[in-house]
Amino acid sequence: MSANLQVDTRDTFVHSIGRMVIDMVALAGDVTLFALQMVGWLLVRWPRGNVLWPVMYQIGVLSVPVIIVTGGFIGMVLAVQAYEQFALMHMENQLGTVVNVTLLKELGPVLAAVMLAGRVGSSMSAELGTMRVTEQIDALTALGANPVAHLVVPRFLACFLLIPMLTIFADGIGVLSGWWFSTQVLGIEGFHYWHYSRNYVNAYDFWSGIVKSVFFGATIAILSCHRGFHSRAGAEGVGRAATEAFVYSFVVILMLDFLLGFLLMEFYGVMWPSQAGLM
Amino acid sequence: MSSYLELQNVSKHFGDQPILRDVSLSVQPGETLVIIGESGCGKSVTMKLMMNLLRPSSGRVLWYGRPVCDLSSREVVRERLQYGYLFQMAALFDSLDVFENVAFGLRQNTSLSLPEIQQRVDACLKDVGLRPELVSRKMPAQLSGGMRKRVGLARALAMRPRVMLYDEPTTGLDPIMSDVINQLILRTRDREQMTSIVVTHDMHTVRKVADRVIMLYPLSRLQPDEPQIIFEGTAEEAFESSDPRVSDFVRGDAVVRLKELLAS
């Protein structure tokens with residue numbers, strides 16, 4: 001009797017979950033190959049200045065207003081929220097500690113990255129998506145240029161180098177706005193604010209935030225360029241690519257934040273065992 | 001002498017959707033091959049397969065008798081420069097002005113000095129009837145459809161290709177500008193001894209430029225054993241074809257097609 005192979009076309013909940021998992025694994029594999037291709041080109045050919053500088057200007061300089069607003073409000077919001085709790089325990093003077101530690105280690109890098117995923121990631125994805133649907137990417141190939149080397153590598157470099165710098169800027173603005181709000185509005189002594197901050201915030205807190213932002217920058221660049229490169233036809237396709245770039249970047253930023261936070265804390269415990277670790 | 005470009009039993013599908021099935025054709029040096037067919041029959045896909053911008057699902061593409069799949073990626077990039085491509089909507093780079101668009105391939109692939117590039121770009125713009133001093137610094141968004149097509153043609157010609165591929169060169173243009181583009185195709189062919197492949201459904205273009213015509217038919221309306229190339233011959237033979245699918249198409253007679261559409 002010959003084997004009777006049939007395609008399973010059932011559409012139960014389990015089948016839907018299975019299809020979703022397969023799609024996610026395929027997407028992860030595709031993004032990984034895309035990233036490896038990009039790294040390959042990064043190693044063999046550094047982009048020309050006339051290609052790199054405009055991208056850096058777009059990603060770095062034009063993001064400064066967004067970063068000022070983000071950093072400024074994070075610092076003040078942290079001060080407002082923490083003040084009430086600290087006031088209940090009569091520890092208002094130590095407000096600077098919690099504002100600055102939270103800002104440098106966690107909220108500064110994450111919120112800056114999320115804002116940049118929205119501003120830079122979506123715009124890169126829409127730009128590359130438009131180039132895809134108007135055949136400009138094919139035209140690059142036809143003219144002897146590699147689209148990944150020409151379009152993705154400069155954007156990756158700009159995000160990889162500038163997002164940590166923008167994060168430092170957001171941190172600085174957040175620290176200043178938190179200090180200003182705490183001292184000028186909440187009435188905390190400036191001396192106590194900085195005294196406790198100095199005692200409890202160390203360089204490792206600052207650098208762990210910067211290490212995270214390097215990963216966030218790379219994630220935003222790779223995911224956004226990947227979605228743009230695989231944009232479907234039409235305005236709807238480009239819009240969808242831009243939305244996916246933001247959503248995927250946001251989800252991966254949160255996952256990386258957890259993973260890197262855990263690893264950096266463990267690393268701290270190994271390097272400086274006398275200090276506090278997670279476990 | 002081996003043909004400049006050849007497809008051997010090429011099939012292409014996107015996901016579950018077949019576009020081309022077992023298509024074989026070759027282009028001889030100096031000839032102008034025109035590929036006609038309804039929208040969606042795979043004409044543009046055929047052009048992209050010829051340029052290796054898409055890879056065939058099965059079958060082979062040969063450049064100068066050599067299978068493209070046997071070439072290293074560096075050889076593919078080098079050999080591809082012998083083929084110029086005019087895209088359907090010109091595909092000019094939005095972020096670059098006209099000069100930078102035309103100079104792009106030269107900057108990317110040659111060691112020409114800036115004055116030499118300037119000279120080549122100006123000559124190419126003049127060849128397509130554009131005045132360099134007026135258009136060089138304009139951005140693509142500031143150009144009309146006909147000007148964009150001509151800049152796209154200048155950009156392709158700047159690399160001095162041996163074969164030119166035109167993807168629907170007259171689509172979206174008024175009759176006068178369409179004729180300008182047709183004349184440019186002829187002029188380029190005659191001056192540069194260029195081999196040309198033109199994809200179009202503009203019968204004016206077919207009559208004007210074709211040495212040989214091929215007609216592709218959509219797979220969805222073919223029987224599994226029918227060939228996808230339903231006609232091959234001269235433009236005159238296409239107009240006199242006894243096959244109603246060919247004669248209806250070249251005459252623009254939609255009665256049979258409308259009946260099919262309404263029935264479906």
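The contact between the two chains takes 14 residues from chain B and 10 residues from chain A, two residues being in contact if their C-beta atoms, placed from the backbone, lie within 7 Å. On the chain B side, α2 (73-80) and α3 (98-109) each supply at least two of the residues that touch chain A; helices (H or I, at least four residues) and strands (E, at least two) are DSSP runs, numbered from the N terminus. The largest share, 4 residues, comes from α3(B). This side of chain B divides into 10 nonpolar, 3 polar and 1 charged residues, where Ala, Val, Leu, Ile, Met, Phe, Trp, Tyr, Cys and Pro count as nonpolar, Asp, Glu, Lys and Arg as charged, and the others, Gly among them, as polar.

The model is predicted: local features need pLDDT of at least 70, side-chain atom pairs count only at pLDDT 80 or more, and totals for chains, interfaces and linings use all residues. Residues are numbered from 1 along each chain as its sequence is written, and chains are lettered from A and ligands numbered from 1 in the order in which they are written.

Chain A comprises 9 helices and 0 strands. Buried residues account for 43% of its 279 residues; a residue is buried if 20 or more other C-beta atoms lie within 10 Å of its own, exposed if 12 or fewer, and partly exposed in between, with C-beta atoms placed from the backbone.

In chain B, the buried residues of α4(B) are B:Arg120, B:Val121, B:Cys124 and B:Leu125. Seen down the helix axis, these fall within an arc of 130 degrees, so they line one face of α4(B); the arc is that of the directions from the helix axis to the C-beta atoms. Their cover includes α3, α5 (132-135) and α6 (145-157) of chain B. The face turned away from the buried side carries the exposed residues B:Pro115, B:Glu116, B:Gln119 and B:Lys126. Just after α4(B), B:Gly129 takes a positive phi of about 80 degrees.

Chain B also contains an open sheet of 6 strands in the order β6-β7-β8-β3-β9-β10, with mixed pairing; two strands pair if DSSP finds at least two bridges between them. The edge strands, β6 (83-86) and β10 (229-233) of chain B, each pair on one side only. Strands β3 (residues 32-36) and β8 (residues 195-199) of chain B run parallel and are joined by 4 bridges. The bridge partner of B:Val34 in β8(B) is B:Val198.
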